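Please keep the structure in view while reading.

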Amino acid sequence: MEVECKTVMTREDCMHLVQERQPEKDFDENGGLRAVHDGDEGEKVDGSNVVLLPLPADDHRISKDYACDGMKVGSRASNPLEELAVQTKEQGKNKQGKKLSRRDRMELGRLFQEAVSSHDWELAESLVLLADSQTLNDVLCIALDAIWFLTTWGELNGITGLIKKIVSYGGSDFTRAILRTSFFASCVYACHCRIMNLTDTVGIMAQRLHERLQECHGDEVLKAEAGMKVQKFTDWALKCIGFHFRYQENRGGRKNNMIVEVQLQLSAFKTFLELAGDHLTGKDFTEAFDAACFPLTLFSSSFDSGWALGISAIAVQGLLGMLVEGGADNVNQCFLEASRFGSTELVRILLQIAERNSLDIDVDLALVFASHYCKIGTMECLVDEGHAVDFLGPLVRASERGCMQVVQWFVNRGCGDMELCLALTAATSSSQVGVSAYLLPHIPQHVLAALSIEILKAAGERSRGSLDGVAFLLCSDFLGDPAATYAVADSIARSNDEAVAPELRAFLLEQWSEAAFAEGLSSGQDHFVNFMRILRRGCSPICLMDLPPPLAATIAYMPLYRECMEAGGQLLSQKLRGQLVEAARRIGGRWVDDDSQANELLEILERNLPRFFLQPLTTL
């Protein structure tokens with residue numbers, strides 16, 4: 001059974017999945033993986049050594065003699081190939097080296113899988129004698145995949161003896177075998193703690209793979225083909241696992257505890273690595289490590305939470321540990337990928353492997369990835385167990401995006417005053433007013449006072465065409481003192497500093513400077529003069545002079561009152577406040593100081609305007 005696992009495991013942009021040196025060996029003429037479905041005869045990719053064995057239908061009863069399409073392993077005369085296997089075993093290895101036909105390779109692979117599944121080692125060895133060089137590599141993969149279902153020492157001896165015999169007869173594609181079995185083993189252990197059914201699990205993985213491919217650069221058609229092929233292989237792998245699990249149950253279930261079984265399985269894998277020896281390179285171990293992490297990364301949400309503390313975690317640690325010892329050097333890459341997808345359990349395992357093998361991994365960069373995708377559980381693991389300490393980068397990025405959940409998490413974990421100020425600057429520049437409002441109370445006033453000018457200048461420089469964030473800070477009286485807040489805005493507006501963005505300077509000069517307040521006063525005076533001219537000289541038949549004073553005041557100042565209420569905040573812009581000061585003087589009939597603030601001025605208007613006009617406005 002062959003699947004070119006290089007096309008499945010390596011995730012470098014996933015693009016080489018559809019550009020393998022011999023893609024026709026793995027996929028049919030329509031670009032799809034030739035997976036065999038329940039009840040079908042085995043399928044073979046044209047001219048290749050790829051065999052995906054058929055799986056029995058879910059409702060088939062699997063007896064001791066394991067039936068497949070009416071054939072039983074216990075009945076040696078049920079197939080000409082079985083008869084030939086018996087004859088060949090008696091005569092010795094076929095020395096003709098004749099290449100098997102496509103159908104014969106399919107049939108031999110089918111029978112070999114059945115023999116291995118039923119632990120009929122004698123028949124399996126007989127079939128090995130029939131295999132040509134291409135089929136030997138197929139059956140090597142089949143035998144190696146079977147080690148992840150070992151439950152007894154007898155089974156261990158049987159499968160390792162079979163693998164040794166395959167190798168002695170010429171099975172030599174160790175690279176393909178280790179890639180495929182590493183991926184397969186992770187799927188097996190993941191399914192031990194699966195909380196979803198197989199269909200849902202495949203769907204989750206397809207969705208995650210789609211997300212991953214969208215981040216890759218390249219042709220959309222190639223990415224779509226890559227995703228389809230990986231999904232088909234995963235679908236096949238999970239069906240195969242389901243078959244093995246059901247077969248074990250029909251044979252009476254497990255005879256040992258899980259710890260013993262894991263020891264047996266890892267022992268068999270170690271035997272394979274010893275047989276492969278120098279035939280496996282560091283690159284092979286690196287890609288196998290990637291292959292093993294791949295399903296654990298994409299499957300994370302379909303596992304029981306905390307599975308990394310159970311038997312499955314011990315098995316995965318053992319598998320990954322042996323791959324690292326063999327020369328895998330991509331632990332950090334897989335660690336970052338697991339953090340990005342929020343596979344907290346795999347992150348925890350990789351932290352332990354890195355510590356055990358004294359490997360350098362970038363926990364702070366991993367925290368950036370986890371926080372960017374709002375993986376709170378993974379963030380907690382990276383900080384508590386990985387000891388990540390650099391909060392600044394991810395906090396600033398979360399503030400820019402307005403990701404309140406992540407911002408709150410960092411603040412609750414403890415951030416320095418400078419980190420909070422930089423986060424406030426980022427939120428202000430991106431007009432994330434909700435984040436800014438959350439951060440302001442957490443920053444001491446003396447720190448804000450010292451950095452206020454720099455915060456506003458930096459926010460204006462980095463703004464993306466909107467100064468709503470700057471306006472929010474000023475309206476919120478972020479310095480806690482109206483005079484100080486207005487003074488800072490006026491200072492920047494009048495500054496000749498080239499570092500001040502022109503847009504920011506123009507905005508502050510027009511709305512928040514002392515000059516803007518004077519302009520507001522002048523505008524208010526002009527408004528009053530114009531209104532009195534209309535009142536006294538107007539020819540309107542409404543006769544405004546005959547209206548009660550409150551109604552006349554309403555006509556004159558209700559638009560201004562409405563604009564002030566809609567502006568909200570603790571402070572009004574200087575321009576609007578100047579208009580309001582003039583309005584309060586006119587409507588109140590007394591002098592109002594220039595430094596009077598919005599609440600006091602609005603109260604004067606409200607006392608002189610009809611309440612039935614004010615009631616709906618106070619809810620704005």
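## Aromatic rings and model confidence

In this predicted model, F149 is buried, because its relative accessible area of 7% falls under the 20% cut-off. The structure holds 10 aromatic pairs, and one of them joins the rings of F149 and F184, whose centres are 6.0 Å apart and whose planes stand at 65 degrees, so that this pair is edge-to-face. The two partners are 35 residues apart and link distant parts of the chain, since F149 sits in the loop between α5 (133-146) and α6 (153-168), while F184 belongs to helix α7 (residues 174-192).

Another aromatic pair, F183 with F294, is tilted, with 6.2 Å from centre to centre and 35 degrees between the planes. This pair also links distant parts of the chain, as F183 lies in helix α7 and F294 in helix α11 (residues 282-298), 111 residues apart. The table gives the accessibility of these partners.

| Residue | Relative accessible area | Class |
|---|---|---|
| F184 | 1% | buried |
| F183 | 0% | buried |
| F294 | 1% | buried |

Ring pairs also connect W148, F174, Y189, F269 and F272 into a cluster.

What is the relative accessibility of F369, and how is this residue classed? At 30% relative accessibility, F369 counts as partly exposed; this residue lies in helix α15 (residues 363-372), and together with L365 and Y373 makes a nonpolar surface patch of about 220 Å².

The chain has a mean pLDDT of 79, with 74% of its residues reaching 70 or more, but over residues 1-78 the pLDDT stays under 50, and over residues 616-620 it is below 50. Where pLDDT is low, the predicted coordinates should not be read in detail.

Methods. Residues are numbered from 1 along each chain as its sequence is written. This is a predicted model: local features need pLDDT of at least 70, side-chain atom pairs count only at pLDDT 80 or more; totals for chains, interfaces and linings use all residues. Side-chain values use heavy atoms; hydrogens and water are left out. Patches are made of residues with over 30% relative accessible area and no salt bridge: like charges are joined within 9 Å, nonpolar side chains (Val, Leu, Ile, Met, Phe, Trp, Tyr) within 5 Å. Accessible areas come from the Shrake-Rupley method with a 1.4 Å probe; for residues, only the protein chains shown count as cover. A salt bridge is a side-chain nitrogen of Lys or Arg within 4 Å of a carboxyl oxygen of Asp or Glu. Helices (H or I, at least four residues) and strands (E, at least two) are DSSP runs, numbered from the N terminus. Buried means under 20% relative accessible area, exposed over 50%, partly exposed in between (1.4 Å probe, protein chains only). pLDDT is the predictor's confidence in each residue, from 0 to 100. Contact means heavy atoms within 4.5 Å. Rings of Phe, Tyr and Trp (its six-membered ring) pair if their centres lie within 6.5 Å; planes under 30 degrees apart count as stacked, over 60 as edge-to-face and the rest as tilted.
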